[in-house]
Amino acid sequence: MTGRDQARFAIPGVIDLAHEWVGNALSRFADTLPLRALDLTVGNGHDTGRLAAAVGQRGVVIGCDIQVEALFRTSLHLQSIGLMERVRLIQTDHAHLSGQLGSTWHGSVHAAMANLGYLPGGDKSRVTRGDTTEAMLRGVLPLLTLHGLLTVIVYSGHPGGAEELQVVTQVADSLQPSLWRVAQVSFPGRAHHSPTLFAFERMR
Ligand SMILES: C[S@@+](CC[C@H](N)C(=O)[O-])C[C@H]1O[C@@H](n2cnc3c(N)ncnc32)[C@H](O)[C@@H]1O
């Protein structure tokens, strides 16, 4: 969605909605220092930059991507907005990230974002996949603190995208409603490949 669309529509697109919800979640922890956030697919660094701004001066963001090109673009973006010092970038498959973080991260993440798919303007073959996305979800959900929020944006238009959407839907359906509040936002009637937003909030 372009900046022009944002001004034109009352209903926000999924990226804006994800940032709004993540901002809401982080603001509820404003007295908890330091705020901790994860970007599970840094890509061009836009989400990482927004998270780094939202966690504030003493907050920490860990961002990962499988591609060194994405980490490079993200560090350039963070430097351009002066927020590099709040962010640690790791080249890894997000399926393994939870195992690579120290035990102090377990149950202490306030917000996490995963904008799936491929790097815009990059190698389209380095795309997120259902199996690793499922492993990422199973690893990251336990990292969330009480009322911590994970947002996931899924694109179904590329090869493998429909299967990935099915996997995320299955994970969402498998969670106990007493432990997890889950939302799914899509745009019926629009191009059937428009992205879907999932949000997972830990309730207990
Ligand atoms: C749509 S882009 C992310 C956009 C980004 N959040 C931004 O604000 O610009 C998806 C990213 O996921 C990365 N990716 C694909 N598979 C991955 C995996 N298994 N683990 C981590 N990152 C992965 C790609 O390299 C790509 O950079």
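Reader: What should I know about the model before I begin?

Author: This is a predicted model, in which local features need pLDDT of at least 70 and side-chain atom pairs count only at pLDDT 80 or more, while totals for chains, interfaces and linings use all residues. Residues are numbered from 1 along each chain as its sequence is written, and side-chain values use heavy atoms, with hydrogens and water left out.

Reader: How many helices and strands does the protein chain have?

Author: Helices (H or I, at least four residues) and strands (E, at least two) are DSSP runs, numbered from the N terminus. Here the protein chain has seven helices and seven strands, and from the N terminus on, the order of its elements is α-α-β-α-β-α-β-α-β-α-β-α-β-β.

Reader: What radius of gyration does the protein chain have, and what would a compact globule have?

Author: The radius of gyration is taken over C-alpha atoms, and the globule rule is 2.2 Å times the number of residues to the power 0.38. For 204 residues, the rule gives a value near 17 Å for a compact globule, and the 16 Å of the protein chain agrees with that. Along its principal axes, the C-alpha trace spans about 45 × 40 × 35 Å.

Reader: What share of the residues is buried?

Author: A residue is buried under 20% relative accessible area, exposed over 50%, and partly exposed in between (1.4 Å probe, protein chains only). In the protein chain, 48% of the 204 residues count as buried.

Reader: Which residues touch the most other members of the largest nonpolar core?

Author: A nonpolar core is a set of buried Ala, Val, Leu, Ile, Met, Phe, Trp, Tyr and Cys residues joined through side-chain atoms within 4.5 Å. The largest one has 28 residues, of which L38, L40, L150, V152 and F200 touch the most other members. The elements that each supply at least two residues of this core include β2 (60-65), α6 (130-140) and β7 (196-202), and the largest share, four residues, comes from β5. A second, separate core has 23 residues, among them L26, L78, V87 and L197.

Reader: With which residues is V152 in contact, leaving aside its neighbours within four places in sequence?

Author: Contact means heavy atoms within 4.5 Å. With those neighbours left aside, V152 is in contact with A114, L116, L137, V168, T196, L197, F198 and F200.

Reader: Which residues are closest to the ligand?

Author: A residue is near a molecule if one of its heavy atoms lies within 4 Å of it. There are 23 residues around the ligand, and the closest are T41, N44, D47, D65 and Q67. A polar contact is a pair of N or O atoms within 3.5 Å; within protein, one must be able to donate a hydrogen and the other to accept it, and residues adjacent in sequence count only if both atoms are side-chain atoms. A polar side-chain atom of D47 lies 2.6 Å from a nitrogen atom of the ligand, and an N or O atom in the side chain of D93 is 3.1 Å from a ligand nitrogen atom.

Reader: Where is the cis peptide bond?

Author: The cis peptide bond joins L33 and P34, with omega about -10°, and P34 is found in the loop between α2 (14-28) and β1 (36-39).
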